[in-house]
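Open the model in your viewer and keep the selection tool at hand. Each stop below names what to pick and what to look for.

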Amino acid sequence: MLDTSPFVSLSDSFLSDSNTNVRPTPLTHSARLWLPKRVVFTPDALQQPFGQQMFERVKAHGLEVEKLKSNRITGLRGVDERETYRNAKNTLAVVCAPPSALRLQPTPPSADWQMNLAEGCPAHCQYCYLAGSLAGPPVVRAYANLPELLQNTTRYEQPGRVTSFEVSCYTDVLGIEHLTGGLEECIRYYGTREGAQLRFVSKYDRVDALLGLPHHGRTRARVSLNAEPVARRLEGGTASVEARLQVLRRLALPVEQGGGGYPVGVVLAPILQIPNWREHYLDLLDRIAGALDFPCDLTVEFITHRFTPGSKDVLLQWYPNTSLDFDEATRAVKRNKFGGTKYVYQPDDMRTMKQFFYQEWQKRFPSAPVQYWT
């Protein structure tokens, strides 16, 4: 069933906290298992052995499958953008990735290369970075030719150094794993590649199937975290911050202690200047330190909130009642080499936040490197 909470007016906007230092009581819920109302398989996908595996997974969850007569997906458009959004978010389409997917794109600073096992995400984050990035309705497309995509990555490995591949650019891999098995397939594959590292990040919390996999330290499992008010108001359909912290702990714990023994990471994103942001983020950093109270291989990535004119337009159609600040007048303009425009925080604000987060992180995790700030 679709979580309709993103379409409800947010009476508890961030402004309600502007004159108080009271921190909200942490929520502890797991993410609801995503079971789309519509599942379609293209003919090409059903010809793939891995596509057949996904077919069996979907059927095991009691979902009806529509076998398309062509490789074209239809029936997603509604009377307006919000209805189209609902239709798409309730649809899983198992397809074959196009030939262009074999031409990997660099994705710094997150990783050397982007390797997608799917596109589209079941979550309802009101700052969604996929808005304006993916063409068409935000349907979840999972790739049935994943083994071919994985084998293709060997062409991009660079001798003499570890080459990293990011699989979370366009989806939340854990959010769809119960229906696809794609992340497990990737972890097993990269466990055999001495010169490569897999990287994924998630806001979901079902990791039982990952804990015993032979990753051999070649997968860095990262968890996306944010301040409690941000997570509860802007990240619909995802696991609570507390549930994610426990996932981070389980993934990092040594195997002999019941964990996964993975190298892990925190992706703190998007950092938002909400009222009393220092207090809220200090609370989060303390909670991370409490969850990781043992030696582990840990990194952090700091990503501040930004948006483009195109993503703003899409997001305001998807979430017209959002409390997220899209005021371009308060932001600085950043242009890329192709002339695209992005709105980021003002330079003084960025310097203040960067100093704060670096100082507070290093105070708690002196041996855990900051991979980048952006």
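The tour goes from a sheet to a strand, then to the core, its rings and a loop. Bear in mind that this is a predicted model.

**Stop 1: the five-stranded sheet**

Select β1, β2, β3, β6 and β8. They form an open sheet in the order β2-β1-β3-β8-β6, with mixed pairing. Look at the two edges: β2 (66-67) and β6 (118-119) each pair on one side only.

Now zoom in on β1 (residues 38-41) and β3 (residues 91-95). These two strands are parallel and share four bridges. Pick V39 and find its bridge partner in β3, which is L92.

Which strands does α2 lie across? The answer is β1, β2, β3 and β8 (140-143). Relative to β1, the helix runs at about 160 degrees.

**Stop 2: an enclosed strand**

Select β11, residues 219-225. Seven of its seven residues are buried, so the strand is largely enclosed by the rest of the structure. Check both faces. One side carries T219, A221, V223 and L225, and the other carries R220, R222 and S224; all are buried.

Next, show the neighbours of β11. Strand β10 (residues 196-202) pairs with β11 in the parallel sense, over five bridges. There, R199 has R220 as its bridge partner. Strand β13 (residues 264-271) also runs parallel to β11, joined by five bridges. On that side, A221 is partnered with V264.

**Stop 3: the nonpolar core**

Select M115, Y281, I288, F357 and W361. These residues have the most contacts inside the largest nonpolar core, which has 112 residues. Then colour helix α8 (residues 241-252). This helix gives the most to the core, with seven residues.

Centre the view on W361. What does W361 touch, leaving aside residues up to four places away in sequence? Its contacts are V266, L285, I288, L298, T299, V300, F302, A368 and V370.

**Stop 4: aromatic rings**

The count of aromatic pairs comes to 20. Start with Y127 and Y129. Their ring centres are 6.0 Å apart and their planes stand at 50 degrees, so the pair is tilted. Compare the surroundings of the two residues. Y127 is buried, with a relative accessible area of 4%, whereas Y129 is partly exposed at 35%.

Move on to F302 and F357. Here the centres lie 5.5 Å apart with planes at 45 degrees, so this pair is tilted. F302 is in strand β14 (residues 298-304) and F357 is in helix α11 (residues 347-364). The pair links distant parts of the chain, 55 residues apart.

Then pick R331 and Y345. The charged end of R331 sits over the ring of Y345, 4.1 Å from the ring centre.

**Stop 5: out to a loop**

Finish at A329, in the loop between α10 (309-318) and β15 (332-335). Its relative accessibility is 68%, so A329 counts as exposed. Draw a C-alpha to C-alpha line from A329 to Q371: it spans 30 Å. In sequence, A329 and Q371 are 42 residues apart.

Technical notes. Residues are numbered from 1 along each chain as its sequence is written. This is a predicted model: local features need pLDDT of at least 70, side-chain atom pairs count only at pLDDT 80 or more; totals for chains, interfaces and linings use all residues. Side-chain values use heavy atoms; hydrogens and water are left out. A nonpolar core is a set of buried Ala, Val, Leu, Ile, Met, Phe, Trp, Tyr and Cys residues joined through side-chain atoms within 4.5 Å. Buried means under 20% relative accessible area, exposed over 50%, partly exposed in between (1.4 Å probe, protein chains only). Contact means heavy atoms within 4.5 Å. Two strands pair if DSSP finds at least two bridges between them. Axes are lines fitted to C-alpha atoms, for helices over the stretch in contact, and angles run from 0 to 180 degrees between N-to-C directions. Rings of Phe, Tyr and Trp (its six-membered ring) pair if their centres lie within 6.5 Å; planes under 30 degrees apart count as stacked, over 60 as edge-to-face and the rest as tilted. A charge sits over a ring if NZ of Lys or CZ of Arg is within 6 Å of the ring centre and within 35 degrees of the ring normal.
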